[in-house]
Amino acid sequence: MRAAFYPGCTVPVRNLNYELASRRVAEKLGLELVDEPRFQCCGFPMKSLSIEDALTLAGRNLALGGGLGLDLVTLCSACAGTLAEAAHELDRNEELRERVNQRLKGIGLKYEPGRKVFHFVRYLVEEVGWERLEAAVERPLKGFGFVPHYGCHYLKPSEVMERFDDPQRPRTLHRLIELTGARAVEDGRAPGCCGGGLLGSEEELANLLSADRLLAAERAGADGLALICPFCNVMLEGQQKKINKSLELDLRVPIFFLPQLLGLAMGFSPSELGFKLNRIKNKELVEAFEDGT
Amino acid sequence: MSDHPKGPAVLDLDRADLGFSQEVVEAGGGGLRNCYGCGACSAFCPILPKAEGYDPRRLIRLVLLGQRELVLGQPLIWLCSTCYSCQEVCPQQVSFTEISFALKNLAVEAGFLPSGLPAQVDLLSRFGRLYEVGEFENEKRAKLGLPPQESQGGDYRSLLAGLAARLGGAGSRPGPREDKGGGGGS
């Protein structure tokens, strides 16, 4: 099993723990992630300025993936959404495809229809499949409980995402958490928007959205929150201190990338999964699975 | 019940621009005219309870009533977090998130935009990404056994040249709300 690994802007610079854990999990499952050094930004940051320019940047990445003859797998929900939407639009709208290809011609590329884009987690669920996932679990994370945080673009727009999971009452992250042997803790706020899209321009408003999410997770009494997107991470982990300060709260919710938890259950050690880089630690979890060190 | 928090201005039907809704549809806001005003979008919007005056249903109505200046000039159109909750529950297949992007595109053309956005065009043109990947980053990656990444502007400089010129030409007026920075920082 092979897929092109699309890193995006944020993960390869700021979320090395996420990338490391995902690569380990992929390897364990026999999924080869092929690197393409020419991949650049998905185009999402340009969409507010110009929908078609954003789509053209997405088209360039899709064309590169096409050159490899592989589907794209990404760790960022915004990238997954932007690239999947672009493929969806370009495949359906010939005129648009013509215009975009006219521009891509200038840089020696061409988008050919039929490119599929997956969030890494969706790829695990749909392409790797539950059977192989279950078979890879070596030691259950018994006694721990995590709140699944879906965010938005992993699921929506559901038309683009082909409703692979229910956008109102999603289950895939719950099931993956349960697969690790931990409990999926309900906090009544799934899927839940972190506000990340507004951080650059409306920080206070963005913080209010994440504060709701963190408060609910803390009240639910979980050992942490499991997420799958670098923007959600910036908000829920990176901003947690600021949220506490500005809203006079005393939150302490450990934040994990879901593949880190999968990796633990698949037998990797916390250091092999970059747990040192998690900023809000859960010592109990790390100590329970650290070998030797 | 329809006691809306004060918007920045009250609509004026005498100043309706009848071509505005068509303009929004052409800019990517398809489905706009299907709206029958049920308000499901507003009920599921996570921003509405937190930002005074923000209301997707009201914005759609203002567009349909041709309130071009009132809509494009107001800061509210920049508050959509693009979560897509609204369009998932719309019984009329109105894609409010897409309408919202179309409105932002039109606002940019009209010279209204948050001050941080042109800088992102510059970053992508220089590095191909929002964050430059240099030696320091690649050393950190190598220590963890991760393959190196490259940031190259090349292709994006040429693909975004038109947009950069349009933004330069618009004179990038200060945005409706002051950019507080922070987003690109840590």
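Q: Which residues of helix 11 of chain A meet A:Glu204, A:Asn207, A:Ser210, A:Ala211 and A:Leu214 in helix 9 of chain A?
A: The model is predicted: local features need pLDDT of at least 70, side-chain atom pairs count only at pLDDT 80 or more, and totals for chains, interfaces and linings use all residues. Residues are numbered from 1 along each chain as its sequence is written, while chains are lettered from A and ligands numbered from 1 in the order in which they are written. Helices (H or I, at least four residues) and strands (E, at least two) are DSSP runs numbered from the N terminus, and two residues are in contact if their C-beta atoms, placed from the backbone, lie within 7 Å. The partners in helix 11 of chain A are A:Gln240, A:Lys242, A:Ile243, A:Ser246 and A:Leu247.

Q: How are helix 9 of chain A and helix 11 of chain A placed relative to each other?
A: Their axes, which are lines fitted to C-alpha atoms over the stretch in contact, come within 10 Å and cross at roughly 100°. Angles run from 0 to 180 degrees between N-to-C directions; under 35 counts as roughly parallel, over 145 as roughly antiparallel, 65 to 115 as roughly perpendicular and the rest as oblique. Helix 9 of chain A and helix 11 of chain A are therefore roughly perpendicular.

Q: Is A:Gly192 buried or exposed?
A: A:Gly192 lies in the loop between strand 6 (183-184) and helix 9 (203-219) of chain A. A residue is buried with 20 or more other C-beta atoms within 10 Å of its own, exposed with 12 or fewer, and partly exposed in between. A:Gly192 has 27 C-beta neighbours inside 10 Å and therefore counts as buried.

Q: Which residues does A:Gly192 contact, leaving aside its neighbours within four places in sequence?
A: A:Arg14 lies 178 residues away along the chain, with 23 Å between its C-alpha atom and that of A:Gly192. With sequence neighbours within four places left out, A:Gly192 is in contact with A:His149, A:Tyr150 and A:Arg213.

Q: Which residue stands opposite A:His149?
A: Strand 5 (residues 145-149) and strand 7 (residues 224-227) of chain A pair in the parallel sense over 4 bridges. In strand 7 of chain A, the residue opposite A:His149 is A:Leu227.

Q: Which helix gives the most to the side of domain 1 of chain A that touches domain 2 of chain A?
A: Chain A is divided into domain 1 (2-120) and domain 2 (139-289), with bounds from an automatic or database domain assignment. The contact takes 22 residues from domain 1 and 24 residues from domain 2 of chain A. Helix 1 (11-14), helix 2 (16-28) and helix 4 (77-92) of chain A each give two or more residues to the domain 1 side. With 9 residues, the one that gives the most is helix 2 of chain A.

Q: How many residues of chain A are in contact with chain B?
A: Chain B has 10 helices and 0 strands, and buried residues make up 42% of its 186 residues. In the contact between the chains, 48 residues of chain B meet residues of chain A numbering 44.

Note on methods: Two strands pair if DSSP finds at least two bridges between them.
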